[in-house]
Amino acid sequence: MEYSRKTNNLIATLRGIPEDHSESKLRPAFSLGALIEVLEQRYKIGEEKIEDVIAKNWKDIIGEKHAQRCFPQKVVSGAILLIQVSNPMLRSDLEFEKQRILDRIHRLPGGGAIKALNFRAG
């Protein structure tokens, strides 16, 4: 049987043991399996992320000519794909092909989430 903190502190005083003055709340315990299920759903563990799909199909998206000189880094804000480019000249070339690249990404499963591309030379 569970008692309120006030009752537990009264009993502790009568028994001569320290009282509990923490501000934490007593919550029911959850099974580890239920917690794992919640975390899997929240963080989409086990599901293929859009970054992985793009990386697998990178040569088809960007073309053989540019595939060795640039690569996708990550998706930020759930909609902007950051692409690392080897030099400013290539960055300029890819800016002109931005819509074609986006169209190819949108054809991939889950690719519709990508709304913009951001090229970074480096």
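Strands β1 (residues 70–76) and β2 (residues 80–85) pair in the antiparallel sense, with 6 bridges between them. The model is predicted. Its protein has 122 residues, and 25% of them count as buried. The radius of gyration is 27 Å, whereas a compact globule of 122 residues would come near 14 Å.

**The β1–β2 hairpin**

- The hairpin of β1 and β2 has 3 residues between its strands.
- Ser 77 takes a positive phi there, near 55°.
- Pro 72 has Ile 83 of β2 as its bridge partner.

**Fold and order of elements**

- The protein holds 7 helices and 3 strands.
- Read from the N terminus, the order is α-α-α-α-α-β-β-α-α-β.

**Overall dimensions**

- Along the principal axes, the C-alpha atoms fill a box of roughly 80 × 25 × 20 Å.
- The accessible surface of the protein is about 9200 Å².
- Carbon and sulfur atoms account for 55% of that surface.
- Take the contacts between residues at least 6 apart in sequence: 50% of them join residues at least 24 apart.

**A nonpolar surface patch**

- Six residues form a nonpolar patch on the surface: Leu 32, Leu 35, Ile 36, Leu 39, Tyr 43 and Ile 45.
- Together they have about 600 Å² of accessible area.
- Leu 32, one of the patch residues, lies in helix α2, which covers residues 32–43.
- Leu 32 counts as exposed because its relative accessibility is 58%, and the cut-off for exposed is over 50%.

- Met 89 sits in helix α6, which covers residues 88–96.
- With a relative accessibility of 64%, Met 89 is therefore classed as exposed.
- Met 89 and Ala 121 are 32 residues apart along the chain.
- Their C-alpha atoms are separated by 9.0 Å.

Key: Residues numbered from 1 in each chain as written. Predicted model: local features only at pLDDT ≥ 70, side-chain atom pairs only at ≥ 80, totals over all residues. Heavy atoms only, no water. Patch = residues over 30% accessible without salt bridge, like charges linked within 9 Å, V, L, I, M, F, W, Y side chains within 5 Å. Areas by Shrake-Rupley, 256 points an atom, 1.4 Å probe, with all protein chains shown as cover. Salt bridge = Lys/Arg side-chain N within 4 Å of Asp/Glu carboxyl O. Helix = DSSP H or I, 4+ residues; strand = E, 2+ residues; numbered from the N terminus. Buried < 20%, exposed > 50% of the residue type's maximum accessible area, 1.4 Å probe, protein only. Rg over C-alpha atoms; globule rule 2.2 N^0.38 Å. Contact = heavy atoms within 4.5 Å. Pairing = 2+ DSSP bridges.
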